[in-house]
Every structure is written in C-alpha cells, then in structure tokens.
Amino acid sequence: MRDKAITLWNKEGTRSVVASLISILIGLLVGSILVLVMGLFTPSLGMRGAWDGIRLVFFGILSTGRDAAGELTFGFNGVNIGNMLFRAMPLILTGLSVAVAYQTGLFNIGAPGQYLMGTMATLVIALSIPAGSMPKLVIWLLAFFGGMLAGALWGCIPGLVKAFLNINEVLACIMTNWIAGNLVAAVFDGSRFRNMVETTKTGYIYKTTFGLTRVAAGTGLGGGDYTYVDGAGVATAKMGLDKLFPGSQINGGILIAILIAVLVYILMSKTTLGYQLKACGANRHAARYAGINDKRNIVLSMAIAGALAGTAAALYCLSGNTEYYWTSAYQTLPAVGFNGIPVALLAVCNPIAVIFTGCFMSMLNVVGLQMRNLTAYNEYIADVIIAVIVYFSAFSLVIKNILSGRKKRRSQASAPAAPPDPGPATAEKGGEGK
Amino acid sequence: MAQVENIIEMLHITKEFPGIIANDDVTLQLRRGEIHALLGENGAGKSTLMSVLFGLYQPEKGIIKKNGAEVKIHDPNDATALGIGMVHQHFKLIEVFTVLDNIILGAETTKLGFLSKKEARKKVEALSERYGLKVDLDARVEDITVGMQQRVEILKMLYRDNEILIFDEPTAVLTPQEIDELMATMKEFAKEGKSILFISHKLNEIMAVADRVTVLRKGRCVGTVDTKDTDKQALSNMMVGRPVQLEVDKTPAKPGEVVLEVEHFTVPARGSHKRDAVHDVSFQVRAGEIVCIAGIDGNGQTEFIHGLTGLDRASGSIRLLGEDVSHASIRGRGKHMSHIPEDRHKHGLVLDFTLERNLVLQRFREPRFQKAGFIDQKAVRAYAEKLIEQFDVRSGQGPVTIARSMSGGNQQKAIIARELDRDKPLVVAVQPTRGLDVGAIEYIHSQLVRQRDQGKAILLVSLELDEVMSLSDRILVMYEGEIVGELDPKATTVQELGLYMAGAKRADGRKEVEGA
C-alpha cells in the first residue's frame, strides 16, 4: 500500500515535469513559426536566414559561430553556458521569491522593488566601508546580508498591510515597487557613489570592485580625503567556475543561488515553518482554527520572499562585472524582478524546478544575443519567444490534465476487472463522448 | 404491476474514479409520477449516480433510457433538454445576482438580443404562487436564507419545465419546518405527474415521502423496495449491511468537576445587525456529561462557538479547568479544548493538503512529530495510518490522499479522528453528524459517548432534534443569542423543546437550575 502510494506520488511529479517540457516545446515551436514568418518577409533573411534562426532558437546555447563557408557551427560553448548561468543567478532567486509567496497564497509582484532595495543596500554598504578597514570577505558578507535584509524589510510592508489591514498584497506590492524606484534614485542622486573615475560613463554607480581608498588630504573625490580605486573593492569569488567556462561572466554566485534554492525547498517541504506557511496559504481559516498565527505567517512569507529578491540583487551587484545604471531607476523597474513570475510559474512553484526554469529563461536570453550576433534578427525576437513560452507555460496544467486523462483511460482499457459483456465498446464510446 | 411506465431507466451504470469504483453495475428505474428515494451511506455512490444522470460525469459502462429510448447525456445542457433538473447538495447559485437573475440564468427570455425580464418575472411569480414557493425575486442570493436559496433552486427547475427532478440531500441544510414544507411540495409535484429522485440518508424523510427506495452500498445496488413494504430498521440494515443501532446506547451521566465555565459571555453584533450575536450567556459543562446547545440555525450558536474557541472576539469570562482563558489565543485555548468545527471545508481541513498533513494540523509542533523544526515524516505517516485504521477513514490513497478528493463523510471522520485523539478535557462538537449517514452517525455518537464516559466534558451544538434528544445529558436552548431554557432530555418532549427553540417559551429562574 505504501509503495503504491509513493509510486503514485512520483507519477504526479513526473507528469508535472513532462507537462512543463511539453509546454516549453510548444512555445519553442510557435516561436520558430514566428522566426520563419519574419524571415520569409525580411529580404535580408529569406528561407536560409529563417532556417538559421530556427536552429538558433532550439540550439543557440550550443552555437559556436560560423565556419569559413558561412555555415552555423555547433558545439560546446563555454562563454554561452557561463553567461547563461550568470544570468540565471538573479532569475533563480527572484523566481524563488515569487514561488515562496505563491505557496503561501500570496502573489509577490513586488520582487522588482525588493530587488531595487537590495541593490541599494548592497552598493551603499560595499562602497561606504573604506577598503582595508576590514577583511574583504567581511565587507562582502556585510553587503550580501545587507541586500538580503533590505529586500526582506521591503517585502514586509505589503505583508503587514495584508495581514493587519487586509489590503490586497498585489496593490501594495505595485506601490512599493515605485516607491523603491524613486527612493533608490533619490539616494544615489548627488551621492558619492556615482562613478566619477571612469569619465566615459554617466549615470552609473561604481562597481563593487572599486574600493574607498584614503589618499593625501584634500586630493580625493570632491576635495575629500578618499577616492575610489578599481580593484580595491570586493567581488564574489569565481570558485573555479571561470576555468570551466572561460571568457564568460560567471562567478560563484550561481552556486550560492542553487544552494539557496535547495534550502528553500527544505524549508518549504520539510520544516514545521514551511508547513505553517503553506497551511496559511492553502486555507487561512483552517490555519487559524488550528492555532497557527496567520498574520505572523503572512508577514513572514513576504519577508522571506523579499529577502530572496534582495539576495538576487546582492549577488548581481557583487559580481564585480556589473554596473548599476541608477538614472532610470525611477522610470523602469528591473525586469529581473518581474521575470521571477514566469520562472516560478513554469516551475509550478517547486524550488528545485526553479533552478532549471531560471536557467531556461536565461538561456533564451543568450539565444537572443546569438541571433543578433549571427543573423539579421534582432534580440527582441527572443523576447517574443520568451513571451510565447510564458504564455504556453500557463497551459502546462491543461497539458498535465490531458496526460493524466490518457493514463487513466489506458489503465481502464487494460484493467482485468472489466467484465467481458458489452463492456469495451461502450466504454470507449463513453470515453470519446467528451 | 406489469404495465408500469418507466420515465427514466439507468441500466448497468459503472463509473470509476482513480482508486475507487463509485458505481458498479447500478440499475435504477424511475416511474412517472413517483417519488423515488436513493438511499446509501456516504461514498455509496448516490451523488455520482445522479451526476451521471445529470451529465456531469460520463459512465464507463451502462446506458440511460428515457421513455424506453436510449439517450446520451454528455453535459447538463443535454439533461435540461431531456427535462431533467437537479438541486445540488451545495447550491449552484451566483451569490451577487438577484433571485430572478439566478432563476433565468442560462434560459433567459430575450427580445432582439436584449433581456426581457418582464415575462420571465411573470412566469416565475406564477410558479412561485402555484407551489407556494415563497421567494423574494429582487433580493440578492447572498442575503437570503439557505431555505429560500433552495426554493430558488427548485424554481430554477420548474422554470425550465423539467419533469424529472433530482434532489441531492435537500434537507441537510433546512430547519424542521422547512423540511415539512419541502416534503409537501415534493408530494405536490408527484401528484402532477412529475417524477422525483430524492437522495437522502434520513430514514424518517424517506419513509414519509417516498414511494419506492433504491439502496446503494459501496457503489453497488442492494435492491429496490416499496416503502410500504419496509421499515426504518430494515432499510438501515440494507444500507449499512449489518444491523444498526438507531438509538444511542448510553448510561446515565456521572457529572464530575466543572471543566468549562462561561460567564456573561457576549459576542458583539456583526455588520448591520443591532442586536448582539450572543448576549450575556452563562453556563457550565462538567466532566462526564454531554451538554447540548439546541436551537434553530442562526440563533447565535456559530458566533458563540467562534467566540469560545477564539476565532472571533467576545467579552465575558471563560474558565477552562479553573484557568481564565478569556484572553488566550486560539492555540492557548486549544491546550485543553478540541473543536470539531461546524464548517469542515472552511475551518476543519486544508483541502489541498494530504490527509496525513491534515491529521497533524494542530499537533505538528509536538516533539513527537518534529525534530528541531523539521517535520518527522515517518512519525506523521505512522500516526496517520493509526488514525485511519482506528477511525475507519476511507480514501483512495490512504495517508497521501488529497483531502479535497475524499467524500464528505470521510472528511468528517478524519476531523473527528484528529480532534478526539488529541485527548483534551473539553470536546466542542458543532453539528458533528451533519450530512452523514446512519452508519457514520451511529459511530460518531458512540465515540462521543465513549469520550464522555472517559470523563471528558462534551459541548455539543446540534440542529437535529433527534440528536439533541438522544445524545445529550442536558439541553441548553439558544434563541436570538440568549439561552432561554435548560431542559432535561429525559423529562421533556420534542414539542416543548420546539417551543423553546421557536422563542415561544422562556424559562424563568434559569440560574437556579444551572449547575444543579
């Protein structure tokens, strides 16, 4: 009985995965049709260009450029894969942010705002501590946890408003997003964190690799005693990944993201806290009835979600090769925050699956770049394909139901219990009657 | 009776769900103008069979005939076209629509594509007049009583000129008076030649109103009998498959120390109501007795229990085992109190959780089920298996069954298993047998009596007069939020109880009786 139950349970999981894969495949196919149509209507592309485009949609991650004859070549491409993993790092975390909230019955559309607050805290901490005043690792840790904490606090706000005033979290999240955008712009505007050393750049904040360094009195920035020196600051360790994927942007942050995904999985499915959070999400009344503090759990869930989005920002900022463009903060919310939603939904909010869907989404991103570089398509086509796939991922549940329907019908047909009389014929008719 | 006209014949119907055969070669023949009851325990397959007839499910095997000709019913539209109407156990009404809008929904009268409600209104008014089905056509469904909602459902069927009417457990939600009215209406329909399928497990009602009964047990048809050739005991034995005890078997109570003491307990009004939902209620429950709060639905019982268990705010004092818990949290009160809630879907279960996770809803924090914040899955599984076995909770996949997929009776059994096994000195049981069949009721009653005999204090809230009279040791009657009388079930009659419940009679000097 127990073994049987476990097998059934496994089947359920398998079905989810298969359904997600099918919806991804349908998305890719529909994307290919778009590529084809666009190719046929663009003189510079034609059938040949379209065929290249379609191959890139499916295998772009493995493309290695063009050979002497101008044909696309495929193989292991460390740069592509490394960049995919690098871009997946924040996506996995914002995806987890949305997934955790969703399992608790909350829709965290506030990840962009939490991400922004995480960005701000991480950068301010990393760029405010004078280099050499403490070990680099300590500065890194302070900046990392500062970003996480800022995200958590920002996530708390919609949580508190929902728990105590019963105001829809979606509303509060959208508002806190824009508050964060303007707040971040206000903090950086006129601050000393703006990159003044590399004069070719305007509107950027220093990379965290810049360290606040003491110079002779009155010769530093703005006539102060300090200036920023590249290389004196902090960055996430590569942990050998740069050897594995040479030439890419990758660093150890992806390992931290994966570790966090595993921790979130353990939290949600193995601990009493996860049990409480999910109980509140699935039925707030029953949770209350059972003596679970529903208000506390709503706030906690949003805080965890915010912390994850803040961590995404912290890891991204601390990469050392990323720069924050603060001038548009109040106009555009970071897409990586919103992209957490499809990452989570495609993963059916399973934290482990989020690792893969996050990688998948960033892969499409890399594919977009490949298309731009190797064909006459622009990278926006990749965004269209992402949109199509996200759209079809919403059908993964439908596909799952179709799959289970098939399975059921088949098992009935082979069921030995079926009496021989007019059985099979009518059964089949009944099945088709839908 | 050779030439009897069967209006509907369901022949050899088989319907399977994963892990369970809901209907196994069931045959049902409905004659024109008869009231045909479908009797069976929870999960016996009554609702499934009716859903097949109404087109909600497709059977794997078997055929349906109307007037002797085979028909295919793919969806409820086909059923409606064949004149089949159904009043579901859980009403299918749109809460924010008016009564009239709900009745005409899907069968609207239109002129040039615009709604013309005037004719519809006339027709509905005529029907409502003719059958004495009083409804307020312009009220919103969310504002009307459950009884009136049911009349709306009946009018929906009549409006569509249905001649075959299916009633799925129609009396489960009604007051005794409303039940009488419904019975009369059903007889009226039958007299006019409409045919009625009446799903129930209440033997009294079936004996009173039905011409014939088909009994289902575990998905199989046990037989069809004329009600005039049978009696309640025979029917219940057929249904359960063994002799059933219809009366509660219990010895006189031996009340011990006071477990629960409620004083000047008031729950303030909700929404637009001026009157307190519960007003200045005081009483005691002692160890080893079953005290029942009786009353017609909506007289403050729900609010009282919510206040008592901490789900809602209330004023006044509550003492549990001498300890003041008036301001304690729900969890704090739960230390000495288990609670079988009135609404098993809203409060009792997390429907999307597995059965085993539901069975530890309060207890997951206990060291036995967790280690350093990690749930001990093995211990939870073992505990769930123990409870499932002990309380005979039936489900498709055992501990990992999703609660939503279980039948109502088994959901209730799971809640009762959980609450009684928590082993608290006070058991608050609110309508613990609502919607359950004889077998399950017998079981739950015997469990409650056993708990009492073990020295637990039981506070029961019930709307069923039979249950109140047979199970309780003392009866407190609640009327409009106040306790208007305390009665001894052995020294009173159903009639007298009814007078108190209707507010026609009030006890004087109640305080003298109390605690005696």
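## The sheet of chain B

In this predicted model, four strands of chain B form an open, antiparallel sheet in the order 2-1-4-5. Strands are DSSP runs of E, at least two residues, numbered from the N terminus. Two strands pair if DSSP finds at least two bridges between them. Strand 2 (20-31) and strand 5 (69-71) of chain B stand at the edges with a single partner strand each, so one side of each has no neighbour in the sheet. On average, neighbouring strands are turned by 25 degrees against each other, direction ignored. Those angles lie between lines fitted to C-alpha atoms.

Strand 1 (residues 6-17) of chain B runs antiparallel to strand 2 of chain B, and eight bridges join them. One bridge pairs B:F17 with B:I20.

## Two positive phi values in chain A

Most residues other than glycine have a negative phi. A:N166 has a positive phi of about 55 degrees. A:N166 sits in the loop between helix 5 (136-165) and helix 6 (169-188) of chain A. A:C349 also has a positive phi, near 60 degrees. Its loop lies between helix 12 (335-346) and helix 13 (351-374) of chain A. Helices are DSSP runs of H or I, at least four residues.

Which of these is buried, and which exposed? A:C349 is buried (under 20%), at 5%.

## Confidence and conventions

Chain A has a mean pLDDT (the predictor's confidence in each residue, from 0 to 100) of 82, and 88% of its residues reach 70 or more.

Residues are numbered from 1 along each chain, and chains are lettered from A in the order written. Local features need pLDDT of at least 70, and side-chain values use heavy atoms, without hydrogens or water.

How values were computed: Predicted model: local features only at pLDDT ≥ 70, side-chain atom pairs only at ≥ 80, totals over all residues. Axes fitted to C-alpha atoms, helices over the stretch in contact; angles between N-to-C directions. Buried < 20%, exposed > 50% of the residue type's maximum accessible area, 1.4 Å probe, protein only.
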